[in-house]
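Here is a short briefing to read alongside the structure. Keep the 3D view open and follow along as the topics come up.

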Amino acid sequence: RKAGAAKLVTRCIELLSWRIDFAMNVLHAYKEFMACKLLVKDFDGTQLEPSIPVYQMWSQHILDTKSYQEDCKLLFGKMMHYDPNLYK
């Protein structure tokens, strides 16, 4: 879903005032983080903690609920849950 990734990167650039190169680097780290969560089956969001920029991008992705749900189903087969109380 390259279109979805572009939309997410654009959202982070506009709302978080990120530069394009930084946003692309964070996107790469976000993909790696989610792959690690899949590897350890951290679907309830209690095992792995993201870096601050990855957390910020993940938060922006989740705010686009339809896209996030579709991406999770496509990439993981189920929702990758997020508990904001764990990341303070």
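Let's start inside the protein: Phe33 and Trp58 are both buried. This is a predicted model, with a mean pLDDT of 90 for the protein and 94% of its residues at 70 or more. Confidence is lowest in helix 1 (residues 2-16), where the mean is 89, and highest in helix 2, where it is 96.

**Aromatic pairs**

- The structure holds 4 aromatic pairs.
- In one of them, the ring centres of Trp18 and Phe22 are 5.0 Å apart and the planes stand at 90°, so this pair is edge-to-face.
- Trp18 counts as buried because its relative accessibility is 11%, under the 20% cut-off. Phe22, at 32%, counts as partly exposed.
- Phe33 and Trp58 form another edge-to-face pair, with 5.4 Å from centre to centre and 65° between the planes.
- Phe33 belongs to helix 2 and Trp58 to helix 3, so their pair ties together parts that are 25 residues apart in sequence.
- Which residues do ring pairs link into a cluster? They are Phe33, Tyr55, Trp58 and Tyr82.

**Helix 2 against helix 3**

- Helix 2 (residues 20-39) packs with helix 3 (residues 52-63) at an angle of about 85°, and their axes are 9 Å apart. That angle makes helix 2 roughly perpendicular to helix 3, because angles from 65 to 115 degrees count that way.
- On the helix 2 side, the contact is made by Phe22, Ala23, Val26, Leu27, Ala29, Tyr30, Phe33, Met34 and Lys37. They meet Pro53, Val54, Met57, Trp58 and His61 in helix 3.
- By residue type, this contact of helix 2 with helix 3 divides into 12 nonpolar, 1 polar and 1 charged.

**Helix 3 against helix 4**

- Helix 3 and helix 4 pack at an angle of about 105°, with 5 Å between their axes. Here too the angle has a plain reading: helix 3 is roughly perpendicular to helix 4.
- Helix 3 brings Trp58, His61, Ile62 and Leu63 to this contact, while helix 4 brings Thr65, Ser67, Tyr68 and Asp71.
- The residues of the contact of helix 3 with helix 4 divide into 4 nonpolar, 3 polar and 1 charged.

**Two loop residues with positive phi**

- Most residues other than glycine have a negative phi.
- Ser17 is not a glycine, yet its phi is positive, at about 60°. You will find Ser17 in the loop between helix 1 and helix 2, where it counts as exposed at 65% relative accessibility.
- Lys41 is not a glycine either, and its phi is positive at about 55°. Lys41 sits in the loop between helix 2 and helix 3 and counts as exposed, with a relative accessibility of 57%.

**Lys78, beyond helix 4**

- Where is Lys78 found? Look in the segment after helix 4 (65-76).
- Is Lys78 buried or partly exposed? Its relative accessible area is 44%, so Lys78 is partly exposed, as values between 20% and 50% are.
- Setting aside neighbours within four places in sequence, Lys78 is in contact with Phe43, Cys72 and Lys73.
- Lys78 and Phe43 are 35 residues apart along the chain, and their C-alpha atoms are separated by 8.1 Å.

Terms used. Residues are numbered from 1 along each chain as its sequence is written. This is a predicted model: local features need pLDDT of at least 70, side-chain atom pairs count only at pLDDT 80 or more; totals for chains, interfaces and linings use all residues. Side-chain values use heavy atoms; hydrogens and water are left out. Axes are lines fitted to C-alpha atoms, for helices over the stretch in contact, and angles run from 0 to 180 degrees between N-to-C directions. Helices (H or I, at least four residues) and strands (E, at least two) are DSSP runs, numbered from the N terminus. Angles under 35 degrees count as roughly parallel, over 145 as roughly antiparallel, 65 to 115 as roughly perpendicular and the rest as oblique. Contact means heavy atoms within 4.5 Å. Ala, Val, Leu, Ile, Met, Phe, Trp, Tyr, Cys and Pro count as nonpolar, Asp, Glu, Lys and Arg as charged, and the others, Gly among them, as polar. pLDDT is the predictor's confidence in each residue, from 0 to 100. Buried means under 20% relative accessible area, exposed over 50%, partly exposed in between (1.4 Å probe, protein chains only). Rings of Phe, Tyr and Trp (its six-membered ring) pair if their centres lie within 6.5 Å; planes under 30 degrees apart count as stacked, over 60 as edge-to-face and the rest as tilted.
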